[in-house]
Amino acid sequence: MSRLLPGSYPTFDSLVLIRRLPSSSSSSLSYRLTNFNFSTAKSKCTACSKLLHVTRSPAAGPVASADSMAENSEHQQLGLRFHPSLEIIGGARHKFLTAFKNVDLAYSPFPFVGWNRHVETIFAALFRSLPDLRYRRECLRTEDDGAIALDWVAGDDRQLPADSPTLILLPGLTGGSGDTYVRHMLIRARKRGWRVVVFNSRGCGNSPVTTPRFYSAGYTGDLRQVVKHVSGQYPDANLYAIGWSIGANILVRYLGQESYDCPLSGAVSLCNPFNLSIADEDFRKGFNNVYDKALASALLKIFKKHILLFEDIGGQYNIALAANAKTVKEFDEGLTRVSFGFKSADDYYSNSSSSDLIKDVRVPLLCIQAANDPIAPARGIPRKDIEENPQCMLIVTPKGGHLGWVAGAEAPFGAPWTDPFVMDFLEHLDSSSKTSPSPCQPKVVSPGTDGLHPVVEV
């Protein structure tokens with residue numbers, strides 16, 4: 001597991017404090033979950049059976065409502081079909097639905113594992129396979145003297161054509177190029193001839209921390225610099241991005257801020273918390289309290305490792321509160337919100353949500369969420385703005401947990417159910433871009449009646 005950073009919601013790899021540790025045998029892995037050690041196959045099975053005693057949460061709703069069935073019937077009349085176990089909405093659904101090869105198949109969670117959202121989330125974090133890869137690391141200095149690390153697949157700079165489609169991956173908080181869900185997506189794209197680079201945020205993936213500012217849920221400056229750098233290296237390539245969890249929140253905020261000027265040709269958002277105030281409310285309820293406490297503990301370890309950066313820092317920082325935080329919100333109140341100029345943690349959350357910027361996105365965007373996600377609540381999804389945006393499409397699965405999606409052909413240990421859908425979408429965009437103008441640029445329809453303000457079509 002990569003390290004936790006202050007500032008936002010994490011991937012579940014950090015929530016359960018999992019580490020994959022090399023054992024004395026090269027063919028085995030020893031697992032650590034919080035204070036419990038799993039060094040043998042027997043203890044792994046015992047751990048799974050204990051996790052399955054977590055109270056099963058109620059379903060988020062019926063598999064298919066009358067409205068969704070009627071809507072699906074309308075799609076079938078248009079030659080567009082998708083299985084009623086999936087909720088699919090968005091202003092771009094008619095445009096992109098044909099891109100997906102398996103959208104007519106039911107979402108079927110893996111037996112036993114997929115029955116409970118916590119079990120599925122923890123199972124995926126513990127037992128999903130980790131593909132083997134060799135990276136080439138490139139470090140960038142940020143404008144405020146911070147540092148971020150880009151991990152490229154070793155050898156791809158020589159083996160791939162300069163105009164190969166290029167994909168930037170944004171893991172969740174504390175996530176990096178070593179995370180299982182990141183590597184599975186990378187492998188899939190690479191097999192299809194794509195160039196892929198993992199954006200390890202400050203302190204993540206063993207990247208250095210050189211300033212008191214880490215990164216937050218709403219800060220897009222580092223991503224903007226990464227996109228500029230990558231597009232500068234490969235100016236003839238179409239550029240895309242995928243974000244998970246808090247990485248998705250940052251990505252969608254960036255898309256909305258850039259709007260028509262966005263250099264990306266398309267993007268995918270997975271397990272996005274969208275509305276951080278709602279996510280914060282749910283984060284401290286029921287079983288989620290376990291994650292909150294575990295995160296706070298991990299945040300303290302990161303903070304104390306770099307505590308000299310905050311020595312005599314003064315100002316509004318409450319170092320004592322941050323150093324003794326029992327919850328993520330206490331940590332954000334003492335440290336993160338001050339670093340980024342917010343009045344309080346609540347002010348920080350309410351002004352860092354990507355839900356506010358969906359309406360401004362002007363590149364093709366696919367969002368995939370799980371209805372039972374414990375970290376990214378379904379009630380925080382900005383459905384109205386997604387439906388009204390002609391560039392956005394949303395797929396909601398009935399199960400999946402947070403970064404789980406233990407379903408599909410590769411379940412239970414292989415790639416998440418989402419990966420083939422993501423690749424279908426991206427390849428559709430890239431093939432379409434070769435015969436049509438960039439989706440980032442509005443089309444001028446007429447010069448306008450006053451001769452000064454052109455009429456554009458999005």
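**View 1. The loop between β5 and β6, with D145.** D145 lies in the loop that links β5 to β6, where strands (E, at least two residues) and helices (H or I, at least four) are DSSP runs numbered from the N terminus. Although D145 is not a glycine, its phi is positive, at about 75°. With a relative accessibility of 47%, D145 counts as partly exposed, a class that falls between buried, under 20% relative accessible area, and exposed, over 50% (1.4 Å probe, protein chains only). This is a predicted model, in which local features need pLDDT of at least 70 and side-chain atom pairs count only at pLDDT 80 or more, while totals for chains, interfaces and linings use all residues. Residues are numbered from 1 along each chain as its sequence is written, and side-chain values use heavy atoms, with hydrogens and water left out.

View 2. C271 is buried, its relative accessible area being 0%. Most residues other than glycine have a negative phi, and most peptide bonds are trans.

View 3. The bond from A411 to P412 is cis, with omega near 5°, and P412 is found in the loop that runs between β12 and α16.

View 4. Nine strands, in the order β4-β12-β11-β10-β9-β7-β8-β6-β5, form an open sheet of mixed pairing, two strands being paired if DSSP finds at least two bridges between them. β4 (87-89) and β5 (135-141) stand at the edges with a single partner strand each, so one side of each has no neighbour in the sheet. From one strand to the next the twist averages 15°; axes are lines fitted to C-alpha atoms, for helices over the stretch in contact, and angles between N-to-C directions run from 0 to 180 degrees. Helix α8 (residues 221-233) touches β5, β6, β7, β8 and β9, its direction making about 40° with that of β6, where contact means heavy atoms within 4.5 Å. Helix α16 (residues 418-433) lies across β7, β9, β10, β11 and β12 and runs at about 165° to β10.

**View 5. Strand β8 and its two partners.** Six of the six residues of β8 are buried; R195, V197 and F199 point one way from the strand, and V196, V198 and N200 the other way. β8 pairs with β6 in the antiparallel sense over four bridges, and F199 is the bridge partner of L150. Four bridges also join β8 to β7, the two running parallel, with R195 opposite T166.

**View 6. C392 in the pairing of β11 with β12.** Six bridges join the parallel strands β11 (residues 365-370) and β12 (residues 392-397), and C392 is the bridge partner of L365. C392 is buried at 0% relative accessibility, and its sulfur is 5.9 Å from the closest cysteine sulfur, in C367, which is too far for a bond. Zero disulfides are found in the whole structure, a disulfide being a pair of cysteine sulfur atoms within 2.5 Å.

**View 7. The packing of α11 against α13.** Helices α11 (residues 288-305) and α13 (residues 328-339) pack at about 35°, their axes 8 Å apart. The contact involves D292, L295, A296, L299, L300 and F303 of α11 together with V328, F331 and L335 of α13.
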